[in-house]
Amino acid sequence: MDSQVAVALALSLVGGVSTSIGALFVIVNKAPSLKMLGLLQGFAAGLMLSISFFDLAHNALNSLGFLKGNLWFFAGVIFFAVVASFIPEPTLTPTSDVKGRKKNGDEGGKDIMKKHRRQVLFSGIVTAVGISLHNFPEGMAVFLGSLKGLRVGINLALAIALHNIPEGVAVALPVYFATQSKWQAFKLASLSGFAEPLGVIIVAYLFPSSLSPEILEGLLGSVGGVMAFLTLHEMLPLAFDYAGQKQSVKAVFLGMAFMSASLYFLSISLPEDLSL
């Protein structure tokens, strides 16, 4: 059993490192403009919504039934809506106001930009939490797949690795923009990826005896609700403000299509009796 856990940990680390690779794509370039940031935030929002609705919530509905699956999903929505009401947020100021004040030589423009950066940083942290929660069951899947054979485990780990690269971009981008620190962006994206090895450890030593599959699916459905709320509450307003509604909506659907294709190729790499 210990050797199987070691193999699964090594394979899950491949997925975790791929999140860091996504972060590298961000930090090797200059920090984006506000408009480009808005478009990329829209793309990241599409990734998050696809994971929430087409992966986590979808699996909860299939496993628990329509009523229970929805109850778990909306429990996550309500839970984080309550939590978010206690989190102070800087007021989002339209970018036109920032440009106008800069043109007029008003130093208040710098303060407004700081508020923008704080808002974007909050969005990046939220994305990192959501991606971490999504990566956790992927680590479980790698462990269960490796139990069926090394070939299954390797195929699954490689599929997850490709799937995690854009997730690393989604986490690192807002953090890099907000902090101007390549190290902070790389660190937070990498930490979100290492939720996968943690999933291996949890499922190997705790899951078999302490958590029923039904409760696990329900909790993952709630995670989907949390991610959907965070995306619509935090990421889309930023995208709309920075890039405009029409362009942002296009970016959202592009992100959803990209992640849906990624989830599809990930699913066909799994054996029939194993799913994320």
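Predicted model: local features only at pLDDT ≥ 70, side-chain atom pairs only at ≥ 80, totals over all residues.
Me: How do helix 2 and helix 10 run relative to each other?
Reply: Helix 2 covers residues 34–64 and helix 10 covers residues 213–243, and their axes come within 8 Å. They cross at roughly 160°. Angles over 145 degrees count as roughly antiparallel, so helix 2 and helix 10 are roughly antiparallel.

Me: Which class of residue has 23 members in the contact of helix 2 with helix 10?
Reply: Helix 2 passes helix 10 in a left-handed crossing. In that contact, 11 residues are polar and three are charged. The class with 23 is nonpolar.

Me: Is the crossing of helix 10 and helix 11 left-handed or right-handed?
Reply: Helix 11 spans residues 245–268, and its axis sits 7 Å from that of helix 10. The two pack at an angle of about 130°, which means helix 10 is oblique to helix 11. As for the hand of the crossing, it's right-handed.

Me: How many charged residues are in the contact of helix 10 with helix 11?
Reply: On the helix 10 side you'll find L236, A239, F240 and A243, and they meet Q245, Q247, S248, V249 and V252 of helix 11. By class, that's six nonpolar and three polar.

Me: How is helix 2 set against helix 11, and at what angle?
Reply: Their axes are 6 Å apart, and helix 2 passes helix 11 in a right-handed crossing. The angle is about 45°.

Me: How many nonpolar residues does the contact of helix 2 with helix 11 have?
Reply: Helix 2 brings residues including G38, G42, G46 and D55, while helix 11 brings, among others, G255, M256 and M259. Eight residues of this contact are polar and one is charged. The nonpolar number is 14.

Me: Which residue pairs with K68 in a salt bridge?
Reply: Side chains of opposite charge can pair when their charged atoms come close. The count here is one salt bridge, with N to O at 3.3 Å. K68 is in helix 3 (residues 66–85) and its partner is in helix 10, 146 residues apart. That partner is E214.

Me: How far apart are the end C-alpha atoms of residues 219–240?
Reply: An unreviewed UniProt entry lists "transmembrane region" for several spans, including residues 39–57 and 219–240. Residues 39–57 are 100% helix and 0% strand, with end C-alpha atoms 26 Å apart. Residues 219–240 are also 100% helix and 0% strand. Their end C-alpha atoms are separated by 31 Å.

Technical notes. Residues numbered from 1 in each chain as written. Heavy atoms only, no water. Axes fitted to C-alpha atoms, helices over the stretch in contact; angles between N-to-C directions. Helix = DSSP H or I, 4+ residues; strand = E, 2+ residues; numbered from the N terminus. Parallel < 35°, antiparallel > 145°, perpendicular 65-115°, else oblique. Left-handed = near helix turned anticlockwise from the far one by under 90°. Nonpolar A, V, L, I, M, F, W, Y, C, P; charged D, E, K, R; others polar. Contact = heavy atoms within 4.5 Å. UniProt positions renumbered as here; feature names shortened; annotations may be inferred. Salt bridge = Lys/Arg side-chain N within 4 Å of Asp/Glu carboxyl O.
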